[in-house]
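Q: Here's a predicted model I'm looking at. Pick one part, take me through it slowly, and then show me what else is worth a look.

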Amino acid sequence: VNTHEIRLGEADRCSLANGADRCAFDPYRSFDPFLREAAASFQSLSDGVRDAVGAFVAGSTSSSTLLIDGVPEDPALPPTPTHDDGSRYTTSTVSEFTLCAIASAAGEPVGYAPERWGQLVHNVFPTAGELIPSQRFRTGLGFHSELSCHHESPDFVLLLCLRQDPEREAITWVLDIRTLLNELPDPIVDALFRPEFALDLGKLHYVYLSEGKRISNRPEHRPVISIFSGDRSDPAVRYEPALMTPLTDRAREAFDYLADVAPSMATPLVLTPGSALLIDNRRTLHARSSFRAGFDGNDRWIRRMMIASGPRGRALAAAGRIIDADLLVGWSDRPTVTSLASAS
Ligand SMILES: O=C(O)CCC(=O)C(=O)O
Ligand SMILES: [Fe+2]
């Protein structure tokens, strides 16, 4: 199944809201102490909620996304911004506290230095310029796994809805890879396990440098990876069609097949204020429909956090949380389009 849903009761909702009110730390200045209090607040939630999140995070449920309803809303939410300049935008810290509380159960919040000012809390709302992919609204976002081009891609992505679009058109789609696998013929699965997909790092929206120079579209800057890796019945996925090119006919066929079947197998979710969506990014594809925006303060507004789990998450947290790694170095254990061409 693609997703499970739990709902926080009144006591748990109040406990998070009060925790945020009482917390003396500023998430934008003293992130780690703020996170520690949020983590303690998560530990004080009812057993049912902690167990459900814990089982989900451990991968022992049959779904790869968890919808958590009934989280506290911001009582003084300002109008939705129309342009992202990296500000904090809210005065209450209830949304940051809720994000941190849930994230603490899944791993460690991380940021990416070249993206969104290296922020740990991202704001996702429509902008007239639509320059940042997630800020698109006219065309929607196709199925993808988050930061697939980054060797330090997050294990979990957490979305928290602050405001729904007034027309209620926006739909977030989720697709568990195990659900998808049931529909893929063996030869297609085989092809998706083969390292025959080039990462087009030069097309990344943000400026990633390697040895001081912007990563380009040249073949030596295009690592070659597989879309599936690991366990044949429960693989990890990296998929971002806009930033990937299949290099062989069989890879192209599988790539197109996947794009064709994904929409019909996915589950539509409507995020509303008070709902959070925890996505296991290693085994989920997600997408978002188009929706209308009026730039009048009433537009859709999501807050988002990237999470790395386990020993990797702890190491990244200890190193300051903001990943500033050289992508080409990070992928240097993979062939590139150049090295494959010279080998053949
Ligand atoms: O806006 C959404 O519902 C999800 C958008 C998305 O793909 C993301 O923020 O990573
Ligand atoms: Fe996404």
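A: Let's start with R314, which sits in helix 8 (residues 310-318). With a relative accessibility of 53%, R314 is over the 50% mark and so counts as exposed. In sequence, R314 is 282 residues apart from D32, yet the two are 12 Å apart in space, going from C-alpha to C-alpha.

Now for the packing of helix 2 (residues 31-43) against helix 4 (residues 94-106). Their axes come within 8 Å and cross at roughly 70°. That angle falls between 65 and 115 degrees, so helix 2 and helix 4 count as roughly perpendicular to each other. On the helix 2 side, the residues in contact are F31, F34, L35, E37, A38, A39, S41 and F42. They meet E96, F97, C100, A101, I102, S104 and A105 of helix 4. Sorted by class, this contact has 11 nonpolar, two polar and two charged residues.

E96 deserves a stop of its own. This glutamate belongs to helix 4, and its relative accessible area is 0%, so E96 is buried. Leaving aside residues up to four places away in sequence, E96 touches P27, Y28, F34, T90, V121 and R303.

Next, the metal. The iron ion (ligand 2) is held by three donor residues: H144 through NE2, E146 through OE and H286 through NE2, at 2.0 to 2.2 Å. Along the chain, the donors follow the spacing H-x1-E-x139-H. As for accessibility, H144 and E146 are both buried.

Last stop, helix 3 (residues 47-57). Its buried residues are V49, V53, F56 and V57. These four span an arc of only 95° around the axis, so they lie on the same side of helix 3. Look at the other side of helix 3 and you'll find G48 and D51, which are exposed. Just past the end of helix 3 comes G59, with a positive phi of about 80°.

Methods:
Residues are numbered from 1 along each chain as its sequence is written. Chains are lettered from A and ligands numbered from 1 in the order in which they are written. This is a predicted model: local features need pLDDT of at least 70, side-chain atom pairs count only at pLDDT 80 or more; totals for chains, interfaces and linings use all residues. Side-chain values use heavy atoms; hydrogens and water are left out. Buried means under 20% relative accessible area, exposed over 50%, partly exposed in between (1.4 Å probe, protein chains only). Helices (H or I, at least four residues) and strands (E, at least two) are DSSP runs, numbered from the N terminus. The arc is that of the directions from the helix axis to the C-beta atoms. Donors are N, O and S atoms within 2.8 Å of the metal (3.2 Å for Na, K and Ca); water is not among the atoms, so sites may look incomplete. Axes are lines fitted to C-alpha atoms, for helices over the stretch in contact, and angles run from 0 to 180 degrees between N-to-C directions. Angles under 35 degrees count as roughly parallel, over 145 as roughly antiparallel, 65 to 115 as roughly perpendicular and the rest as oblique. Contact means heavy atoms within 4.5 Å. Ala, Val, Leu, Ile, Met, Phe, Trp, Tyr, Cys and Pro count as nonpolar, Asp, Glu, Lys and Arg as charged, and the others, Gly among them, as polar.
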